[in-house]
Amino acid sequence: MKKALYIVLSLMLVATLASACGSNSANSGGNSGEGTSDSPKKVELKVFMNFPRFKEQFDSYFDQFKAKELAEKNIDVTIKLEMPNPDQAKQILETRMASNDAPDVFTLHAIADVPRYYKAGYLSDMSDQPFVSKLYDSVKQTVTHDGKVVALPMESLSWGYLYNKTIFSDLGITPPQTIDEMKAAIEKLNAANIKPFELSFQESWIPQLMMALSLGGIVSSEHPDWVEKMNKGEASYGDVQDVFNIIDLIMANGTDKPFEVGSAAGSTDFANGKAAMWVQGPWQAESILKANPDMEFGVAPLPVSNDPKGTMINLATSTSLAVSPTSKNKEVALDLVNYILDDKDSSALFEELKFNPVAEQHKYDTYPWVTEASSYVSQGKAYLDLSLPNGVTDETAKLLQSYYAKSVSKEDMIKSLDKTWANALKAGQ
């Protein structure tokens, strides 16, 4: 009898253990699926950036972010990265934002876009984010609006035109400080059968850089209140039409068929010595050195008159990163933005992109062209990038293409730019 009882009790114990094991097994299996406390939360971020030339670098950096977010927060992040051509990027982005389809994280220009986007409610206040305390004060000011930090600066620039140091040295040319000195340099280059300027007008934002530098130099040295007067309707581009003096000189002494050459081909041509100068910024450094790693180029201020006081470097924070207030995954979006200035990883990213340091933890050797541009800044030969109303820069870009093609005159450009400026003010931009 006792033996039978022991058998029954043993069978009951086995059944109980089997049931418990089965339950634990089921729970264990559930841990690998969605909806349990241990499974990663899945998040998709839409990221919009306007420099496709850096896609490889950001793809790699975002992979590092995804691994970090998964390890530290158990969040499985998918990043949908969109990098349209710079010529179309702003229009695409603004259309998205106006139709309530804003990306979670997007690039914008600190000077040109922050005031308008803030007014339209497109920017999150990031003043309390960790990256803010890391920024250099001078850089932080460029992304601060209404007392709030609304973007993370990436490209802090000191720029002018690029020149081939080897060609200049071989011909005994130093960076011209006046228009007459530039004319003399052009004569030497032409006599040596070297094209003075690389012209790459296929993308309209490139010829616009000529106006950005010439207008900045003329306004800062001769008409310091011009922007203020334009905003009051009391001035005209006719007042600063000397900007065309250097533009005309560049256009008359450039490479052939500029409308067949964009930024990529321009970088290759310039890197291989097809022209001695290129009105482009040091943001092209990565593309130039990729085409010719041995290329030695410098950055110099563009002369705009025969007064060397107007020959100045442009100081600007351009491409910056913002977060949409309507993001459904704002916490992760902010994590990504903060990771751009990660204490451990961001120096390698900024060095690879060949960007200037913007934060205290950026400890890497700057490049010779950065040092050269900074030397002008230290001499006081620099100005802060001008803040122009929305649409003026885009209109300038289109008009300069037409101006080169001789389908619009200088007078046509002046009238059109005055009108574009006035219309932007009426529209509250």
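Author: Exposed Glu56 and Ala71 sit on the face of H2 turned away from its buried side. Exposed means over 50% relative accessible area, buried under 20%, partly exposed in between (1.4 Å probe, protein chains only). The model is predicted: local features need pLDDT of at least 70, side-chain atom pairs pLDDT 80 or more, while totals for chains, interfaces and linings use all residues. Numbering starts from 1 along each chain as its sequence is written, and side-chain values use heavy atoms, without hydrogens and water.

Reader: How do you know that the length of H2 agrees with a helix?

Author: Helices are DSSP runs (H or I, at least four residues), strands likewise (E, at least two), numbered from the N terminus. H2 has 19 residues, 55-73. The expected span is 1.5 Å times one less than the residue number.

Reader: What puts the buried residues on the same side of H2?

Author: The buried residues are Gln57, Phe58, Tyr61, Phe62, Phe65 and Glu69. They cover an arc of only 120 degrees around the axis, so they share one side of H2. The arc is taken from the directions from helix axis to C-beta atoms.

Reader: What makes E8 and E11 a strand pair?

Author: Pairing requires at least two DSSP bridges between two strands. Four bridges join E8 (residues 161-164) to E11, so by that definition they pair, running antiparallel. Tyr163 stands opposite Gly298 in E11.

Reader: Why are E9 and E11 called edge strands?

Author: The open sheet has the order E9-E10-E8-E11, with mixed pairing. E9 (195-198) and E11 (297-300) each pair on one side only.
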